Amino acid sequence: MSTLPQPLQHLPLPIIGAPLFIISTPKLVIAQCIAGVVGAMPALNARPASQLDEWLAEITETLAAHNRAHPGQPAAPFAINQIVHKSNDRLDHDVQMCVKYKVPIIITSLGAREEVNAAAHSYGGVVLHDIINNKFAHKAIEKGADGLVAVAAGAGGHAGVKSPFALIQEIRQWFDGPVALSGAIASGGAVLAAQAMGADFAYIGSAFIATHEARAAEAYKQAIVDSDSDDIVYSNLFTGVHGNYLASSIRAAGLDPEQLPQGEARTMNFSGEAAPKAWKDIWGCGQGIGVVDRVQSTADLVARLKREYAETRGRLLAPGSA
């Protein structure tokens, strides 16, 4: 296991909630943190940009009040996801807001920017950069990221194709800093498995969509409950980048999930209708949802993960276990 920077030490559970585009808001982030896992949301979910200031104030003030009231059970820290691609014209503003509120963890995506890392480090923040292969992992660390989110096959939304075994072992050959593993993790046993192969944390997204606190359509939440890994489709049609999506949402858009063309939907003829929009109409989801059997509170979901994690750990460490 890695020597972890302060914001990532002493977590009740080794879990980071993935920042979910559109879906994660302060309501979900706060619930995750109080339940004992790192809560996260994309900065771009706050619209207009001025709302990010309000949301960060709400999160920091609510968690501080919780910690004062429960000194023996403080909340886990929270994270903000920054899309650092040059197309994000809000980046400077959103980074300044994170500096203002001293956001403990910054998760960067779509590129690695030294100036963003430096801004987080100016107040003691930690930067995790998400990657899909070892090449991008090297670039992220070279540009000053503190750790990595290894996005393996089966992750919801934009995802890579690497087996988690291959991806983690390649990273661990040269990097001993914090690593979170993303891809089809939705049970406490899977969290322990991520640690067993060399990750410090499990990075869980899709299971949190099916919670009361998530800002997702009820049909989306129920579709996750009703689906399993056979219902996940990997395609680049909807954004131009390969990702995993729920087949039922693709059918609802009038498309055959088994006969999707390559390319981008906006270039196709939809008989005068607008192309379906990724995330809004076409629902991102990972392969781990087969164990999600109900829509429940974030607290109940985390309690299940904690119980399963402890049971699996206990079973493996029991005398006589193989």
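**Stop 1: helix α2**

Select the buried residues of α2 and show what surrounds them. They pack against α1 (26-35), β2 (39-42), β3 (78-83) and α3 (91-101). The model is predicted. Which residues of α2 are buried? They are Leu52, Trp55, Leu56, Ala57, Ile59, Leu63 and His66. An α-helix has 3.6 residues a turn, so residues three or four places apart point the same way.

Now select the whole helix, residues 50-69. Its end C-alpha atoms are 30 Å apart.

**Stop 2: the nonpolar cores**

Next, select Phe78, Ile80, Ile171, Ile204, Ile224 and Leu246. These residues have the most contacts inside the largest nonpolar core, a set of 70 residues. Which element gives the most to this core? It is α2, with 6 residues. In soluble globular proteins, nonpolar side chains tend to be buried together.

Zoom in on Ile171. Setting aside neighbours within four places in sequence, Ile171 is in contact with Ile131, Asn134, Ala137, Leu148, Ala150 and Val179. Then move to a second, separate core. This one has 19 residues, among them Val38, Ala76, Ile105 and Val126.

**Stop 3: the aromatic cluster**

Select Phe238, Tyr245 and Trp279. Together they form one aromatic cluster. The count for the model is 4 aromatic pairs. Look at Phe238 and Tyr245: their ring centres are 5.2 Å apart. Their planes meet at 75°, so this pair is edge-to-face.

Now turn to Tyr245 and Trp279. Their rings form a tilted pair, 5.6 Å centre to centre, with 40° between the planes. Where do the two residues lie? Tyr245 is in strand β11 (residues 243-246), and Trp279 is in the loop between α10 (247-252) and α11 (298-317). The pair therefore ties together parts that are 34 residues apart in sequence.

Colour the three by accessibility. Phe238 counts as buried, at 8% relative accessibility. Tyr245 is buried too, with a relative accessible area of 0%. Trp279 is partly exposed, at 23%.

**Stop 4: the second largest pocket**

Select Pro12, Pro74, Ala75, Ala76 and Pro77. Of the 27 residues that line the second largest pocket, these are the closest to its centre. The pocket has a volume of about 550 Å³. Which elements give two or more residues to the lining? They are α1, α2 and α11. Helix α2 gives the most, with 5 residues.

**Stop 5: backbone details**

Most residues other than glycine have a negative phi, and most peptide bonds are trans.

Begin with Arg47 and Pro48. A cis peptide bond joins them, with omega about 5°. Pro48 sits in the loop between β2 and α2.

Go on to His10, in the segment before β1 (15-17). His10 is not a glycine, and its phi is positive, about 60°. Is His10 buried or exposed? At 73% relative accessibility, His10 counts as exposed.

End at Leu110, in the loop between β4 (105-109) and α4 (114-121). Leu110 also has a positive phi, near 60°. Leu110 counts as exposed, at 52% relative accessibility. The cut-off for exposed is over 50%.

How values were computed
Residues numbered from 1 in each chain as written. Predicted model: local features only at pLDDT ≥ 70, side-chain atom pairs only at ≥ 80, totals over all residues. Heavy atoms only, no water. Helix = DSSP H or I, 4+ residues; strand = E, 2+ residues; numbered from the N terminus. Expected span 1.5 Å × (residues − 1). Buried < 20%, exposed > 50% of the residue type's maximum accessible area, 1.4 Å probe, protein only. Contact = heavy atoms within 4.5 Å. Core = buried A, V, L, I, M, F, W, Y, C linked by side-chain atoms within 4.5 Å. Phe/Tyr/Trp six-rings, centres within 6.5 Å; stacked < 30°, edge-to-face > 60°. 1 Å grid on protein atoms, 1.4 Å probe; cavity = no way out; pocket = protein on both sides within 12 Å on 5 of 7 lines; lining within 4 Å. Points joined across faces, edges and corners; volume = space filled by probe spheres on them.
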